[in-house]
Amino acid sequence: MDEQFLLELLNSTPVVDGVALDEFADPDTGCAWLEARGWDATPEEWRAVRDARDDLQAVIRGTAEPATLTRWLAQLSWKPTLDTSGVHWECSEPPGRTAAAAAVLAWSALLASSPGRLRPCGNPECRLFLIDHSKPNSARWCSMAVCGNRMKARRHYDRVRQSR
């Protein structure tokens, strides 16, 4: 499953200059986003992937239970194929929900292969997510240059102010 697609989807609600944005706010921009990533750009697909993104964000932030995602997998079917290298499984998603189902499957695969590595940015003012690929699993911010620097500068300022 495609963790890059998942991360881009989760991070489609950034805060820019203090203003919350949503790359799926309207059908035109949402469909353009989907099309740029090779998905069907239909209004039905746009609504499904937007709603699945919101559900995934809530689950990852811990404000919703994983069972919330069940509706995005409800109509999946798996078909086995066989060749000289063994059995392979092909997934068939319902029309109009393919990107939503793929995002949930990518989340599940990442959860299984790298537990605890997908998380929200440690900056409470940021709405982005990160996948920690560091060996010690200690990354806290979506970007060290942006959020990491802000949080460290804020803590330094607080320490200096308290010591006076």
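**Exercise 1. How many aromatic pairs does the structure hold? Describe the one formed by F5 and W39.**

Solution. The model is a predicted one.

Step 1. The count of aromatic pairs is three.

Step 2. A pair of aromatic rings is described by the distance of the centres and the angle of the planes. For F5 and W39 the centres are 5.1 Å apart and the planes stand at 40 degrees. Planes under 30 degrees apart count as stacked and those over 60 as edge-to-face, so the F5 and W39 pair is tilted.

Step 3. F5 belongs to helix 1, while W39 sits in the loop between helix 2 and helix 3. They are 34 residues apart, and the pair links distant parts of the chain.

Step 4. Compare accessibility with the cut-offs: buried means under 20%, exposed over 50%. F5 has 5% relative accessibility and therefore counts as buried. W39 has 24%, so W39 counts as partly exposed.

Step 5. F5 and W39 also belong to one aromatic cluster, together with F24 and W33.

**Exercise 2. At what angle do helix 2 and helix 3 pack, and which residues meet?**

Solution. 

Step 1. Helix 2 covers residues 27-36 and helix 3 covers residues 43-61. Their axes are 9 Å apart, at an angle of about 85 degrees.

Step 2. Angles of 65 to 115 degrees count as roughly perpendicular, so helix 2 is roughly perpendicular to helix 3.

Step 3. From helix 2 come P27, G30, C31 and L34; from helix 3 come P43, E45, W46 and V49.

Step 4. Sorted by type, the residues of this contact are six nonpolar, one polar and one charged.

**Exercise 3. How many residues does the largest nonpolar core have, and which elements give two or more residues to it?**

Solution. 

Step 1. The core has 30 residues. In soluble globular proteins, nonpolar side chains tend to be buried together.

Step 2. Two or more residues come from each of helix 1 (3-10), helix 2, helix 3, helix 4 (98-113) and strand 6 (129-131). Helix 3 gives the largest share, eight residues.

Step 3. The residues with the most contacts inside the core are L6, L56, W107 and L118. Take L6: beyond its neighbours within four places in sequence, L6 is in contact with L56, A103, A106, W107, L110 and L118.

**Exercise 4. Two arginines, R53 and R97: is each buried or partly exposed?**

Solution. 

Step 1. R53 lies in helix 3. Its relative accessibility is 1%, so R53 counts as buried.

Step 2. Not counting residues up to four places away in sequence, R53 touches L9, L10, S12, T13, D22 and F24.

Step 3. R97 is found in the loop between strand 4 (86-92) and helix 4. At 23% relative accessibility, R97 counts as partly exposed.

Step 4. With neighbours within four places in sequence left aside, the contacts of R97 are E45, A48, R71 and W72. R97 and D40 are 57 residues apart in sequence, yet their C-alpha atoms are 9.4 Å apart in space.

**Exercise 5. What pattern does the protein chain follow along the sequence?**

Solution. 

Step 1. The chain contains five helices and six strands. Read along the sequence, they give α-β-β-α-α-β-β-α-β-β-α.

Step 2. Of the 164 residues, 35% are buried.

Step 3. Take the contacts between residues at least 6 apart in sequence: 47% of them join residues at least 24 apart.

Key
Residues are numbered from 1 along each chain as its sequence is written. This is a predicted model: local features need pLDDT of at least 70, side-chain atom pairs count only at pLDDT 80 or more; totals for chains, interfaces and linings use all residues. Side-chain values use heavy atoms; hydrogens and water are left out. Axes are lines fitted to C-alpha atoms, for helices over the stretch in contact, and angles run from 0 to 180 degrees between N-to-C directions. Helices (H or I, at least four residues) and strands (E, at least two) are DSSP runs, numbered from the N terminus. Angles under 35 degrees count as roughly parallel, over 145 as roughly antiparallel, 65 to 115 as roughly perpendicular and the rest as oblique. Contact means heavy atoms within 4.5 Å. Ala, Val, Leu, Ile, Met, Phe, Trp, Tyr, Cys and Pro count as nonpolar, Asp, Glu, Lys and Arg as charged, and the others, Gly among them, as polar. A nonpolar core is a set of buried Ala, Val, Leu, Ile, Met, Phe, Trp, Tyr and Cys residues joined through side-chain atoms within 4.5 Å. Buried means under 20% relative accessible area, exposed over 50%, partly exposed in between (1.4 Å probe, protein chains only). Rings of Phe, Tyr and Trp (its six-membered ring) pair if their centres lie within 6.5 Å; planes under 30 degrees apart count as stacked, over 60 as edge-to-face and the rest as tilted.
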